[in-house]
Structure formats: structure tokens, C-alpha cells
Amino acid sequence: MKKKATVAEEPVEMAPSEEEEEEEDSEAPVKAKRSKPDEEVVYQPVKLSRSDLYRPPTAEELSQLKETESLFHCSLLKMQMEELLREVALSEHRRQQIDSFTQTVTELLQAVPDSPEVEVSDLSWLSGAVKIPFLLMPKVTKGKFHMAPPASVDLIGSYPLGTCTKPRIVVDLAVTIPADVLHPKDILNQRYPRKRALYLAGLAQYLASSSDIGAMRYSCLHGNRLRPVLLLTPPDSSSFTVRVHACPPPGFFKPSRFHPQRNNIRTEWYTGLQTSQSDSSEPPTPHYNSSVLGDLLPRAHLQFLSAVSSQCSAFAKGVALLKVWLRQRELDQGTGCFNGFLASMLLAYLLTTHRISNTMTAYQLLRNSLNFLASADLTVNGISLAKDPDSTAPPLAEFHSAFQVVFVDPSGHLNMCADMTACTYKQLQHEASVSMQFWDNPSVDGFHSLLMTPKPMIRTSDHVFQLCELVKLQSSCKKLNLLSELMDHSGNYVHAALPFILSLLQQGLGQRVHLLTHSLSPDPEWSVESEAPKHKAQPPLAFGLLLRQELAASVLERGPPADSPKAAEFRQLWGSRSELRRFQDSAITEAVLWDGESMCQKRLVPKQIVTHLLRLHADIPESCVRYVGAMVDDVIKTGSEVPSTGEEVSLLVVQAYDDLSRKLWKLEGLPLSITAVQGAHPALRYTQVFPPQPLKMDYSFFDKEKTSRSLVPKEGKPCPTYITPITMICHMEGSGKWPHDRLAIRHIRAAFHINLGELLKKQHNYTCRPCPTHLDVWKDGLAFRIQVAYHREPQVLRESVNAEGLLVVRDNEEAQALEMATIHKPLLTSTLHGLQQEHPCFGSVCRLVKRWLGAQLFSADITEDTADLLVASLFLQPAPFTSPGSPQVGFLRFLHLLSSFDWRNNPLIVNLNNQLTATDYTEIKNDFMASRESLPVMFIATPKDKKLSMWTKRAPSVQMLQRAVMVAAESLKILERQLMDGSQTQDVRVVMRPPLDAYDVLIHLNPKQVPLLGQAVDCPAVTFSRGVKTGSVAQSGGALPVIDYNPVTLYLAELREAFGDLALFSCDPYGGTVIAVLWKPKAFVSMPFKTSQVSARSVEVTGEEVNTVPNVEAILEDFQVMGKGLVKSVEARTEKWMV
């Protein structure tokens, strides 16, 4: 009915879009008949015929609806962006502070005294306190120098342009070096850069005596050691920094001297060795040239950008949004970054080439900029802002021959992306492309993903590795014969070797990776009283790999045929690892075979490739490569000979299940046929933390029980190994013979369990044990628990007859639990099994997540099914990332999701099988907001559960979710620091150790009686024999061991039943030997005496009042008595509670 009503209303609203003739004829308001001439006209709505009322919308109307929907999405995004722009804009008060301080600095700089002329190499005029911000390598160069007041002091950069944003406020000040200090030939052999550094040191020496200047430090502009800058902060604040640049007078050097093919560093001067080569045969120094040329042009660039921004009112806001987008992706700072200056120039390029309009909003400017970045490859087709370059300007092809990325400034002489590597630009392109993919997606919170979610490398790349001892890159330069590159980069061996290392890795990893990225060396900062830091002093160089899942773990690298011309090239790349191999298709080719038996070893094939290539071609030993691609995986590893993270065992379990399922289908002799067999256990979707291992029982450990011939552990032996029952739901066909009474249905199901057991024993010799609720089957060393289900049973459980004899249908927990077990869990298992087939590391991420939840004592609150759905959301809606490609990165993103998602105001929508439409998303959010107070605190919606969040209905509580969010945030911070900071003690298990200080009582268990002790986070000192032998497992037959017996779980259940109203009980289900007890806040409130409520309470009489309070001593004693043989000790932390 609801659908009809909405359809009926639409034509009335859409009537104005009809053709004019129809409007005049049928849609003119109908006037009521007049009784008197001066009566008011009464308008009545148009009456539409039934055919018009239910007429389907036209193509034009559908188009309008779609446009309205996308406009709403865009308008919301625009409003959020406007709010963000207000947040990052500088306040008027801050501007006044900046203006006042820059005025003070300018006045001080103009009063710099002259000094006598000395040789450039003579530093005696500098006081001992202030050092020169330059690495003098080689020590000596020609030239004279003296200090003099600057020719001019000007504001440049983002502040005068209006694009300066918080939180990192930097104001640039250009100090023009007087012309008489410089010489036209200073462009040679680092003379100008050294004079520039000396001039900055002279300024620092003078400013050091002023009380108007706070802290003074040196830095380098975008990590370029040839362009040091002086950082000044006011004495009373550190909220902004003034960055002083020393520049030559405009036009002092001829731009043509700095072409990419020109040489300005002589080999003889740099090496100190006599050479016979002439100037014409010297290698070009394009990076050195662009560094010097960059100092000539800042004022011209400011004038150009000011002219462009004056014509586009939203220019400054567009640049601000682009800067925020870059900052979140860590692309805006460091050597070769895409900084705010380049962002401004990119917008200027799009405006001057009319790719965007001057009337566009900031939202549109950002969108078009990202669209351009995603589609334009500046590594192949560079762009230029020079409209009418002079005749001496080099062509783009010349820039491409010297630089990896080309973006030429308005003068036509300077490549503004000179220091950027092709990998950094490819990363920028990739990020822009990913952003454009989810920009218009109504199911994604575009604003949050675009501009509010940080993307550090460790959380973005599937694998990360670091080069730790950067000094080793000196030998790499020697091995790769990079003398000319070293000269070009003024001895910076890190930047000289980096492009060659990236090219080598790209060649070796090939199709295994979508993207190879690297960290941008941060701008060094040091005190004006310290020497300039050495090149090796920077943090380790980090590299990120975005893996191609289907190829990354392949152990075989197949090369060209042996007689191919490319075979020699292949052998040269791989060295001794390359060998001739014959394949099944009779081809004989070069090939490299990497080590790896289990999936967790194969995942690290990229590590073998990286270490081999770096050692072979760059002289970097394996000890210098710190590979952090799979460090966290250790906590779910099993197996001593071949370590595994569970994929192989999970596959065995699924294969055994498939075999049993087929045999159930083919059973003969059942009174009703089987309509469906479904798995309902995490192991069957590859997400069980430690999947069930096929076991061979050691009969000497057990006695045989007389009647059922089952294995029972002998007296005094340790608790036998825990055998997980793998749940299967077996649906029987409907029939009129099924009873309509709940008890009778249970009896029929029990009879089916007996019948199934007999048939499986008879036809396949499986050992079976039927029970009223299930049938246990021992097959291939695994225990399968088959539950027969009848599709109408939940309905029967909801039906009851009242006193009047009427049939009443009422929902109840018993029916819900049965539906959950027989319908929802099997459906979730099959859906997530499909997700595992699409994303091979989905199961491993789930196992890591659930291991962490268990270790941090949250497994009772965030159940296995809930955890699997949370992880599924990371794969189905990864924005702003791509789907996780390794267990570790998936785990880090889970911690970020749990700690940063707004659980209070948003539902987490998991679009399984992509069944939800944009309308469904809107409906779910609206229903959620309307009923928020009555819904679970953690609300997870799926296509089959849009309104109730059945998976989180009972848990977690508000308090437990808050604690989980807090612990996840702290775990993420500690783990990312552990992974990226090699100087720390390496122990990633620290995030798996729960803080027990918050608990009131700790119940310590006897390790001998903890069957899963071997799964503990920290390996136990002592292990126990638990009735299992090594060797091949029999497929059928054999005695049935004790199934699903875990004394810790049973004891925990008893504690919760007896004392659940007084305390919370938590334990790590995977080998935990401590049960942590937390008294509930209201547990110790005295209550009026009632005979029904005296359990574990003592009576207090005050006057005529008789109250009861918990008897803590008796309760602690009960803990010990109830767990006799299992409990080792009870540790009461008396300061935490009041008796």
C-alpha cells in the first residue's frame, strides 16, 4: 500500500514538466462556480485519471530525479567543505600577530651591519656560536664574500597570496642579497649556494642578539640542501614560523645558464682529481641548475599567481582544500613533495588553459584538479605555464630527458617538479583516481574520506620496508657508477641513488605490485649553533608496496625462452637465482623460483625479491633492509616445521566439510530428503582464529567408556586437547507429517539425528554420537556437529494458545536464537566464504582481529560474527583506501575503524554481495536516526538486517564499546610506532597484552587444565601432553574423543550465571590463564532484606532497617570452590573496592 501511495503522489508534483499545451489544457486550476461577483476565487487540485495517476515517469523526469539526488549529495559535501575552510583559515588576530612580527623582522634585517670582504672559505668573521647551514663538500671554492644590508625584504609565498592555512602556518620572507656580494660566475661549483648560506648565517648572527626574536633554527626548503632557510618564531608564541629565504637580485643570473643540459659543477673541482675532459664533455647538472634558478623566480611567481587569483574568487579556498587533501596523504612535505606552491600553480594552469572557469566554487576547483591529476601523466607528457617563452627557453623534451616529472613555470626555464620522482607522481595520480571513484558514491561519506581521514604509509600500503643505514647508499652510488648524479645532487647520495633503486625495484617486482611508493625525506631542522646534519642523519627511507593479490604471492618468476635476446637481460637482473627450467607445456625458459610452502611464507616473496635485488645491484646487505610487511602475523602462526597462519588447515576443513556434505546428500534410507546442507562455523569461512587441526588420538592417554566406547581422559592427566565441533545445518524437506507441537518437533529431530548416525556408520563407517540437539561425526580427525533443522519450527515456537483458545503469534528469544542458528549464521558463513574467494587475505585479517579482541578480553562483547562483519566492511567499502592486500594492513585499518567511527550517530552499513542500493542506504540512515535510542550502541546493518542489527543486539554495552574504542586507539598508536620505528624494542605482541590494572579480582588458572594453552599470546614455559599423536589421520572409524570440552569456558559460564549481577568476568579464550573480574558499580549498594535475594550477601542491621550487602569474602571463596582443580589462586585487589 505504501508503494502505491508514493507513486500516486508523484505525477501531481511532476505536472509542471509536461508540455505547454497540456499545462494550459489540463493543469490550469479549476475555478469553483461563483454565487456572487465579489466572492473570492477558490482553487481546487487537478483530478487526474487513473492512467495518469499510475503512469511511469518519463526519461526526463527520471533524469531530474537523479540530478536532484546527486545535487543533494554534492550540496552536503559543499557545506562540509565550507565548514572545513573556516577551520583552516587564519583568524584576524593571528594575521595581526604575523603582520606585527614580520614588520619587526623586516626592520631588524634592514639594519644588518656591513663586514669586511673575505674569501668564501674563510669563516673567521662568524662568531663561534652561529654555524653555516651548509655541508662544505668539497671544502674549498673560489670567491669573495662580505655581509651587507639586504637590497630588499619582501613577503612571498602563500601568506600574501591568501592561501596560507592552519595548522602549520609558515610565512615566507625573501631577503635579496645585494648585487655587490655576488658575482655573475657564482653559479659555478656551488659558489652561489655557499654565499647564500653564509648570508643566512650572517643574518642569524645579527638577529641572535635581538630580544624581539624567539627561537631560531635552520632548515632546508623541501629537503634541498642547496637551499637552506632560516626559521624564526616570535618570543611569546610558537603558533607560526617566519621562513627567511636569501635570494639573488631579480635577473642577476641569466636563466639560459640553467638549462637542464648545462653543466655548472666541474668534475675536477668536485673530485679534486685532474681530468682531461673539456667543459663541453662535462655531465649536465639539471638538479643543481634548477635549485639555483628557483631562487631567482619567487617574486615573479607571486605576481603571476596574484594575477590569476584576482580573477577567480574561489582560488584561495580551492588551494586550501587541495592542501588539506595532500596533507592527509602525506604528499605535501619533504623532498620532491607536491607542496602548496605546486597546488597553486596547478590551479593556475587549469585556469589559464580554460580547463576550469573563474566562476567555479572551491568544491568544483578541487574536483577538477583531482580529475586532472588522475588523468594527466606528467612523467610522459609534461605541462608548461609559459604562454610566450623567450627563444632561449628549452623545449619540454629537454626537460623530460633530465627529469622524471615535468611541470614548467611561467618563465619557461624552471621545472617546478625537478626533485619529484616518477613514483611520487604515480602515487599522486593513484590517490586522485581513488578519490574520484568514491566522490559521487552516495554510500560513502565523501567528505570524511576525502579530507578528514589520514593515510599514513603503514596503513595505506600492503607491505612496507625501510632502508635503515642510509650511509650504505654511498656504496650503492659507487656500485651503480653515479658520480655525475652525486655531483648534480651536491653529494647527497640518498637522493642520487633513490631513482635508480626505485627503477630496480619496479623492474624486479613488475606485475606483482599496482604501485611502488616511497617516503619523502622530511625537511631537516637544526639549531643555528649546530653544524648542518649529515645526509645519513635523516630517518630511514621507507618504501610501500600496493600488491596485486593474484600475482604477489607467486613463487615462480617465469622469464623469456633460453634462446631469446631478452634472456641475457633477465639473467643480468636476477643473477645466480635465474636458472633454465622445463615446463609442462615443453617450453624451456629462464625462471626464478622463490622459497615458500605455506601462504604466510608466499606472502613474503616480495621481501625475497627486494633483498636479493638490493644486495646484488646496490650493495645493500639484507641486515639494512627492515621489512615490516607481516610482523603482526606472528600472533596467529602455528606449526613448527612449516609456519602457517591457518590458510592451509582452513582449506582442509572446508574440503572435509564438502566431502561430508556430498555424502549426506547421497544417503539412502532417510524418511525425508535433505533440502540443504549449510556450514555455520567460522572455520568454514576461513575466519577461525586457530582452525581445527586434523587430530590423531593417543589411546594410551584415555580410558574407554563402557557403553558408548568414547574416549575419557585418565585420572590425573592434563586436560585433553580441545576438539572444536564444526557446526553444520541439515535442512529436511517440509511434509504434512511434521507435527505442529514444539516438543514433538524436537523428538522428530532427535530421531533424525539417530537415523543419520546409523546411516553414516553403515554406509561410510564414520564414528557418530547422536544427541537430542545434534549429531557428532568423527571424520578425517575432525569433529562435525550436524544439526537437523525444520524450516517451520521458529514459527511454531512463536505460536501459543491463550486462555480463550485463540492462537497468538508472539516473537520470543527462543525463536530468534533458533533462526539465528539455522538461517542467519549459515547465510553469513556462505556470504563471507564468497568474500574470502574474492579477497584471499580476508580470513587472515579476521583471525588477527579476533586474536586481538580475545587477548584484550573483548571477545564476549564483540562476538566472532560481529568481528567478521566489521572486517568485511573494510573490504567492501575501503574508501579512501583500496581493499587490504595483507593481514597486517587490514588489522591496522580495523583498529582505526573501531577507534574513529562515530558509533553514536552513524550506522555501519556492510553491503554484502552489493545488494544495497543508494535508496536502501538513505532508508537505513533515516530509520536509524528515528529509532536511535532503542537501537544497539554498535549498529551494523546488512542487506538482510536493515533495522535491528541482530548481530550486536546483546553486546557490546555502551561502557564496553567505549573501552574497546579507547584500547583500539592506543593499540593503533603503539603498533604503528613499533612497525615504523626500528629504534624501538621490537615486540608487536605488546598490543595483545591486556592492561589488568583496571580489574578488581584476578582468578589465576592451573595451566595444566587449560586445553588451549599453546595458543596463548606469549608461548608458555611448560607444555603438556594432551592425548594427541603425530602422524597421518584415519579418514573414518576409531573411537570418539571428548568433543567441545573446555573447562575454562564452562567455569566462566558458571561464574556469569552465579555472579553476573555483581561482576563482569573476562578471559582470553585462546589460552588465557587469567580470568579478570570487574565489580559492577551498583554491586555494593546496600539493598533492603528479601529472602529471595540473600545469595552471596550478608545482612546488616541498623536500627529498624535490615539491609544486605555482597559478602565479598564468601564470593571469593566460592570462586575457588567452584573452580576446584582448575583455579590455582584468587588475587583480590582490595584497594579497588569497598567491602
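Predicted model: local features only at pLDDT ≥ 70, side-chain atom pairs only at ≥ 80, totals over all residues.
Okay, hi everyone. Residues are numbered from 1 along each chain as its sequence is written, and side-chain values use heavy atoms, leaving out hydrogens and water.

Let's start with the sheet. Helices (H or I, at least four residues) and strands (E, at least two) are DSSP runs, numbered from the N terminus. Two strands count as paired if DSSP finds at least two bridges between them. With that in hand, look for four strands in an open sheet, ordered 13-15-12-19, with antiparallel pairing. Strand 13 (513-518) and strand 19 (625-627) each have a single partner strand, so one side of each has no neighbour in the sheet. From one strand to the next, the twist averages 20°; axes here are lines fitted to C-alpha atoms, for helices over the stretch in contact, and angles run from 0 to 180 degrees between N-to-C directions.

Now zoom in on one pair. How many bridges join strand 12 to strand 15? Five, with residues 463-467 running antiparallel to residues 541-547. For instance, Q466 has A542 in strand 15 as its bridge partner.

There's a helix here too. Helix 15 (residues 422-439) lies across strand 13 and strand 15, at about 120° to strand 13. Contact, by the way, means heavy atoms within 4.5 Å.

What does the record say? An unreviewed UniProt entry places "domain: Nrap protein" at several stretches, including residues 459-618 and 839-994. UniProt positions use the numbering here, feature names are shortened, and annotations may be inferred rather than shown by experiment. Residues 459-618 are 39% helix and 23% strand, whereas residues 839-994 are 49% helix and 3% strand.

M137 and P138 are joined by a cis peptide bond, omega about -5°, and P138 sits in the loop between strand 3 (118-119) and strand 4 (144-145). A955 to P956 is cis as well, with omega near 5°.

Then there's N481, not a glycine, yet with a positive phi of about 60°. Is N481 buried or exposed? Exposed, at 64% relative accessible area. The cut-offs are under 20% for buried, over 50% for exposed, and partly exposed in between, using a 1.4 Å probe and protein chains only.

That's me done, thanks!
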